Amino acid sequence: MTNPPIIETHGLTKRFTVKRQEVAAVTDLSISVQPGELVAFLGPNGAGKSTSLRMLTTLIPPTAGDARVVGHDIRTEAAEVRARIGYVGQLTSGSFAQRVGDELLSQGAFYGMRRADAVRRADELVESLGLTAIRSRSVQQLSGGQKRRLDIALGLMHAPPLLFLDEPSTGLDPQSRANLWEHILRLREEHGTTVFVTTHYLEEADRYAERVLVMDQGRVIADDTAPALKSTLAGDVLTFGFGSADEASAALAVLARVTGREATLDESGRATTTVPDGDALLPVVIRALDDAGLAVRTATGVPPTLDDVFLALTGRSLREADRTADAGTGDDAEHTEPAAEAATNLQEASR
Ligand SMILES: Nc1ncnc2c1ncn2[C@@H]1O[C@H](COP(=O)(O)OP(=O)(O)OP(=O)(O)O)[C@@H](O)[C@H]1O
């Protein structure tokens with residue numbers, strides 16, 4: 001028997017009114033997440049990732065649709081939902097003068113935990129998030145990566161079964177990002193927490209999430225494991241170099257015949273094509289080119305990335321989509337509904 005989903009949404013929709021115009025931030029989000037899953041929400045700026053999270057964490061009400069989170073209705077049982085989730089928003093824990101250890105205990109007190117339980121829980125989290133050495137430092141002295149890890153610890157003090165992280169690694173250098181992810185994965189292993197995370201970083205979604213929801217313009221346009229998305233929606237790029245331009249041109253027809261895909265010349269004059277099963281096709285193509293009297297000098301097979309998936313789905317690369325969104329949505333001051341992320345996390349919101 002399967003467990004009931006920890007998140008289940010039906011037609012969840014959020015529209016904002018900006019300068020008297022309606023912005024469809026999220027349209028018809030219908031998903032089901034099982035306990036223990038690590039799900040990444042991937043999409044360009046303005047895709048609707050944060051808005052989805054804010055609805056699921058009860059920070060903003062949906063315009064339409066419904067959702068149950070940890071068994072409770074986000075519209076009618078917001079307090080029950082909030083008590084059972086952790087939420088770490090885009091802003092960090094700021095510049096509190098309080099020490100890391102005390103900050104965690106205050107958080108425990110906020111949730112009504114007994115002091116002995118709070119101390120035990122803080123010990124566990126300090127250990128699993130690598131905060132031991134900085135436990136008695138004040139929050140304002142921490143680096144960006146350390147602050148993000150503290151944010152996550154704060155979000156987990158009351159041992160929620162579900163943790164929402166909104167772009168946890170944005171603004172961190174690559175090493176701190178990798179380090180943060182190591183901690184997130186360890187936490188999940190140790191505590192069995194379901195993690196729902198938004199990210200712009202393709203490599204993060206690819207490497208760490210077991211399920212990727214690709215979002216664009218308010219809609220989920222793909223939902224699967226990263227390998228499945230890549231093999232079904234994108235392909236391996238095979239590229240062949242020759243001694244002359246004539247040979248490269250002649251190779252195009254051979255490539256098209258053997259792979260059944262269109263082949264083109266790249267900017268370096270090499271013949272290239274995209275195929276679903278590159279590993280198996282590479283030697284076959286080389287043999288066919290050889291049989292046609294075309295001497296292959298170089299041959300490469302490059303597996304697809306999630307950006308190729310996004311490109312296949314939308315005709316734009318994620319980076320391009322980010323640029324377009326940045327150009328189009330510069331005017332946050334005109335938002336009619338205050339963004340809830342000023343509250344770093346739910347607990348912050350209630351302090
Ligand atoms: N409070 C608000 N009032 C009006 N419009 C909003 C508000 N919050 C978000 N939007 C708009 O809704 C759309 C989705 O925004 P959202 O922040 O959910 O995207 P996102 O995918 O999280 O983007 P980012 O990766 O940049 O954080 C955007 O067009 C945004 O401008």
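1. In the sheet of this predicted model, phenylalanine 240 is positioned opposite alanine 299 of strand 15. Residues are numbered from 1 along each chain as its sequence is written. As the model is predicted, local features need pLDDT of at least 70 and side-chain atom pairs count only at pLDDT 80 or more, whereas totals for chains, interfaces and linings use all residues.

2. Strand 12 (residues 236-241) and strand 15 run antiparallel and are joined by five bridges. They belong to an open sheet of four strands, ordered 13-14-12-15, with antiparallel pairing. Strand 13 (264-265) and strand 15 (298-302) are the edges; each has a single partner strand, so one side of each lacks a neighbour in the sheet. Two strands pair if DSSP finds at least two bridges between them. Helices (H or I, at least four residues) and strands (E, at least two) are DSSP runs, numbered from the N terminus.

3. Two helices accompany this sheet. Helix 10 lies across strand 12, strand 14 and strand 15, and runs at about 25 degrees to strand 12. Axes are lines fitted to C-alpha atoms, for helices over the stretch in contact, and angles run from 0 to 180 degrees between N-to-C directions.

4. Helix 9 (residues 245-259) and helix 10 (residues 278-291) pack with axes 10 Å apart, at an angle of about 135 degrees.

5. Val100, Glu103, Leu104 and Gln107 of helix 3 meet Leu150, Ala153 and Leu154 of helix 5.

6. In helix 11 (residues 306-314), the buried residues are Leu306, Asp308, Val309 and Phe310. A residue is buried if 20 or more other C-beta atoms, placed from the backbone, lie within 10 Å of its own. Just after helix 11, glycine 315 adopts a positive phi of about 80 degrees.

7. Overall, the protein chain contains 13 helices and 15 strands. Of its 351 residues, 41% are buried.

Notes: Two residues are in contact if their C-beta atoms, placed from the backbone, lie within 7 Å. A residue is buried if 20 or more other C-beta atoms lie within 10 Å of its own, exposed if 12 or fewer, and partly exposed in between; C-beta atoms are placed from the backbone.
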